[in-house]
Amino acid sequence: MTDGKVAIQVKNLEKIYKLYDKPSDRLIETLGFGRGKRHTEHHALKGVNLKVYQGETVGIIGTNGSGKSTILKIITGVLNPTRGEVIVKGRISALLELGAGFNMEYNGIENIYLNGTMIGFSEKEISEKLNDILEFADIGEYVHQPVKTYSSGMFVRLAFAVAINIEPEILIVDEALSVGDVFFQAKCYHKFEEFKKMGKTIVFVSHDLSSISKYCDRVVLLNQGVKLGEGSPKEMIDRYKQVLVGQYTIEESDGENLLEDEQLRALAAKKNKEPEKAANVNPDLLEYGSKKAVIAEYFITDDKGIKTSAIIKGSKFCIHMTVNMIEDIAAPVFAFTIKNIKGTEITGTNTMFEKAFLESVKAGDTKEIIFTQDMNLQGGEYLLSLGVTGYEGDDFTVYHRLYDVLNLTVISDKNTVGFYDMNSKIEIL
């Protein structure tokens, strides 16, 4: 819990980048030749205000290009703001661009001292932590070899070990907890939890909404450089899912940089009425079939009826598809399957299994199929496939199949063993 003292304060932060069509435009403008601007301005951050209290774990979420990494780089001093102020009270260690300060000609030991010194630690402090760093990185005798000979995995392991073991007062993390193999990732998360128990201040940026939900006390939502809101992880993840649906552009923000819930709901409702396939469609999907029936639209909705690709474990969700009949079909079967990212089929069903539709259809008919179910899969990434099949006489026929058409993200703060949760209730007497 926090003690009410502010560790990081961000005041009216703005970051504007000048974008040039070609390098010569930058040179001409810098030298003062020609008239007028040769650049366009990109506002990466627009008047963002934020307080992070000591001992608090704050997550920052948002779509790509929302300003998440930019604000972390300004907090850590990697970037300078265009306008605004950042006040930091405490020594920072940042897991941003891992290994950015390494010298490729130096060996691992030399780079530990180099990187530690750049973070702001003395040689004595680094020496005291050297064994912990080496044990955590676990790259063996390679630590005495130039880092240019390392594999990418060894490189990030060493960089991560340096950053996380020189125990700072404030830890800044940007998508860095997924480095290395699964065993190293488990070690990283264990260290992360140790930091929380020690009362360290943590600012955490990630697209992994399950980790955001599990580890963060409070979450800040950014979109197109504007702070839309802050609150509990569940509240902000729900709002983020609405942002994913809206895909709107903010023209102006009010003094608090907040978008009201009513506006978000209106944007989501408007988007829901628009015919579309969905967000997160796989550009390399496998599609085939006779096309006597065609899957024209498809999307996923959460328990609030909002189109999304992210579903919270334990909630209800729906898979929708609209199918246009091009020819008469005696008894079409509508189906979906869900695979993990390794290609293993986890679950699925169809209208024949469920005895939900056993009728003939005519050319020109349109059928909307909605599969409603509980989300009991473990947190993670999955792929959704859709199909319309049937029998013509004794022959099985595929009318239209879309393999791995949509990405499905399951958000969970509690995973059990295997693919799905049996929702066990435990009594200890």
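The protein chain has 9 helices and 18 strands; helices (H or I, at least four residues) and strands (E, at least two) are DSSP runs, numbered from the N terminus. This is a predicted model, in which local features need pLDDT of at least 70 and side-chain atom pairs count only at pLDDT 80 or more, while totals for chains, interfaces and linings use all residues. Residues are numbered from 1 along each chain as its sequence is written, and side-chain values use heavy atoms, with hydrogens and water left out.

**Whole chain**

- Of the 429 residues in the protein chain, 45% are buried (buried means under 20% relative accessible area, exposed over 50%, partly exposed in between, with a 1.4 Å probe and protein chains only).
- Among contacts between residues at least 6 apart in sequence, 72% join residues at least 24 apart (contact means heavy atoms within 4.5 Å).

**Helix pair α4 and α5**

- Helix α4 (residues 123–137) packs against helix α5 (residues 152–165) at an angle of about 140°, and their axes are 8 Å apart. Axes are lines fitted to C-alpha atoms, for helices over the stretch in contact, and angles run from 0 to 180 degrees between N-to-C directions.
- The two helices α4 and α5 are therefore oblique to each other (angles under 35 degrees count as roughly parallel, over 145 as roughly antiparallel, 65 to 115 as roughly perpendicular and the rest as oblique).
- The crossing of α4 and α5 is right-handed, meaning that the near helix is turned clockwise from the far one by less than a right angle.
- On α4, the contact is made by K129, D132, I133, F136 and A137. On α5, it is made by R157, L158, F160, A161, V162, I164 and N165.
- By class, the contact of α4 with α5 has 8 nonpolar, 1 polar and 3 charged residues. Ala, Val, Leu, Ile, Met, Phe, Trp, Tyr, Cys and Pro count as nonpolar, Asp, Glu, Lys and Arg as charged, and the others, Gly among them, as polar.

- Strand β7 (residues 201–205) is mostly covered, with 5 of its 5 residues buried.
- Both faces of β7 are covered: T201, V203 and V205 are buried on one side, I202 and F204 on the other.
- Strand β3 (residues 57–61) pairs with β7 in the parallel sense over 4 bridges (two strands pair if DSSP finds at least two bridges between them). V58 has V203 of β7 as its bridge partner.
- Strand β6 (residues 170–174) also runs parallel to β7, joined to it by 5 bridges. Here D174 has V205 of β7 as its bridge partner.

**Open sheet β11-β13-β16**

- An open sheet is formed by 3 strands in the order β11-β13-β16, with antiparallel pairing.
- The edge strands, each pairing on one side only, are β11 (293–301) and β16 (366–374).
- From one strand to the next, the twist averages 15°.
- Strands β11 and β13 (residues 316–325) run antiparallel and are joined by 8 bridges. F299 has H320 of β13 as its bridge partner.

**Positive phi outside glycine**

- D138 is a residue other than glycine with a positive phi, near 55°. D138 lies in the loop between α4 and α5 and is exposed, with a relative accessible area of 51%.
- K355 is not a glycine either, yet has a positive phi of about 50°. K355 lies in the loop between β15 (345–350) and β16 and is exposed, with a relative accessible area of 67%.
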